[in-house]
Amino acid sequence: MFVKVCGLSTPESIREAVDAGADAVGFVLTASPRAVSPAQVTKLLSEVPDGVAAVGVFRHEPTADAVAIARAAGLGWIQLHGARTPEDVKTAHDAGMKVIRAVTMDDAPDAFASWGEEMLLIDAAVPGSGEAWDYGSVRARGLEGRQWLLAGGLDPANVAEAARAAGAWGVDVSSGVELSRGVKDPAKIRAFVAAAKS
């Protein structure tokens, strides 16, 4: 089970995620209570070892702008939310970036087709709400054999069952491992990664 811990902003939280066995860490480079600057990310990357993907998360920024910001931060992965097209994935790839493309469960069926991204992330209908949803409904999207991440409302208590219900290849968490908005809880990070990988 591939595990991404998102919205990290301190060396301590990154170390906790990496030590727990996270496969990817996410940095929010868009307007959010969890936002960090490219300069902050550059410093934080010293805590991310080889083999762990470091991902810059963007919401509605044009892809070319997202690529420029990610590159300035020293990142090789970008996660694109919002209305996107296959051309956006190509733009990122042409710039040497690897791509996680985020969709929500109520997006049109063609949004779930492969556009060449490295991973697809499937979120709740209201991303960032932190509320659990009908994870098993993802199976109707025909994603067998694809590298895709389940997100939205996951926490240490429900992640194993949610991943099983959805048939997920991987999972992504942010609010589910926090003490308060934007403040990560080391114990919850460890518990989440352990539960997901169980």
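Reply: In this predicted model, the second largest pocket is lined by 15 residues. H81, G82, A102, T104 and D107 lie nearest the centre of that pocket. The volume of the pocket is about 210 Å³. Sorted by class, its lining has six nonpolar, four polar and five charged residues. Strand 5 gives the most to the lining, with four residues.

Strand 5 leads on to helix 4. Strand 5 covers residues 98–104, and the buried residues of helix 4 pack against it. They also pack against helix 3 (63–73) and strand 4 (77–80). Which residues of helix 4 are buried? Within the helix, which spans residues 86–94, they are D88, V89 and A92. These three cover an arc of only 100° around the axis, so they sit on the same side of helix 4. Just after helix 4 comes G96, with a positive phi of about 90°.

The next step is the nonpolar interior. In soluble globular proteins, nonpolar side chains tend to be buried together. Here the largest nonpolar core has 56 residues. F27, I122 and L150 have the most contacts inside that core. Helix 6, residues 186–197, supplies the largest share of this core, five residues. Apart from this core lies another one, of eleven residues, with V55, W77, I100 and A151 among them.

Neighbours within four places in sequence aside, I122 is in contact with V103, M105, F112, W133 and V138, among others.

G56 is found in strand 3, residues 53–58. Is G56 buried or exposed? Its relative accessible area is 0%, and buried means under 20%, so G56 is buried. Beyond its neighbours within four places in sequence, G56 is in contact with F27, L29, L75, W77, I78 and Q79. F27 was named above for its contacts inside the largest core, and W77 belongs to the other core. G56 and P38 are 18 residues apart in sequence, and their C-alpha atoms are 9.2 Å apart in space.

In helix 1 (residues 11–20), S13, I14, A17 and V18 are buried. Their arc around the axis is only 130°, which puts them on the same side of helix 1. What covers them includes strand 1 (2–5), strand 2 (24–28), helix 2 (38–44), strand 10 (183–184) and helix 6. Just after helix 1, G21 takes a positive phi of about 110°.

In helix 5 (residues 159–166), the buried residues are V159, A162, A163 and A166. They cover an arc of only 95° around the axis, so they lie on the same side of helix 5. Strand 7 (148–150), strand 8 (170–173) and helix 6 are included in what covers them. Just after helix 5, G167 takes a positive phi of about 70°.

A163 has 6% relative accessibility and counts as buried. Leaving aside neighbours within four places in sequence, A163 is in contact with M1, L150, A168 and V171. A163 and L150 are 13 residues apart in sequence and 7.1 Å apart in space, C-alpha to C-alpha. A166 is buried too, with a relative accessible area of 4%. With neighbours within four places in sequence left out, A166 is in contact with Y135, G136, V138, R139, W148 and L150. For A166 and L45, 121 residues apart in sequence, the C-alpha atoms are 32 Å apart in space.

Technical notes: Residues are numbered from 1 along each chain as its sequence is written. This is a predicted model: local features need pLDDT of at least 70, side-chain atom pairs count only at pLDDT 80 or more; totals for chains, interfaces and linings use all residues. Side-chain values use heavy atoms; hydrogens and water are left out. Buried means under 20% relative accessible area, exposed over 50%, partly exposed in between (1.4 Å probe, protein chains only). Helices (H or I, at least four residues) and strands (E, at least two) are DSSP runs, numbered from the N terminus. The arc is that of the directions from the helix axis to the C-beta atoms. Contact means heavy atoms within 4.5 Å. On a 1 Å grid over the protein atoms alone, a cavity is a set of points where a 1.4 Å probe fits but cannot get out, and a pocket is an open set with protein on both sides within 12 Å along at least five of seven lines; lining residues have an atom within 4 Å of a point. Grid points are joined across faces, edges and corners, and a volume is the space filled by probe spheres set on the points. Ala, Val, Leu, Ile, Met, Phe, Trp, Tyr, Cys and Pro count as nonpolar, Asp, Glu, Lys and Arg as charged, and the others, Gly among them, as polar. A nonpolar core is a set of buried Ala, Val, Leu, Ile, Met, Phe, Trp, Tyr and Cys residues joined through side-chain atoms within 4.5 Å.
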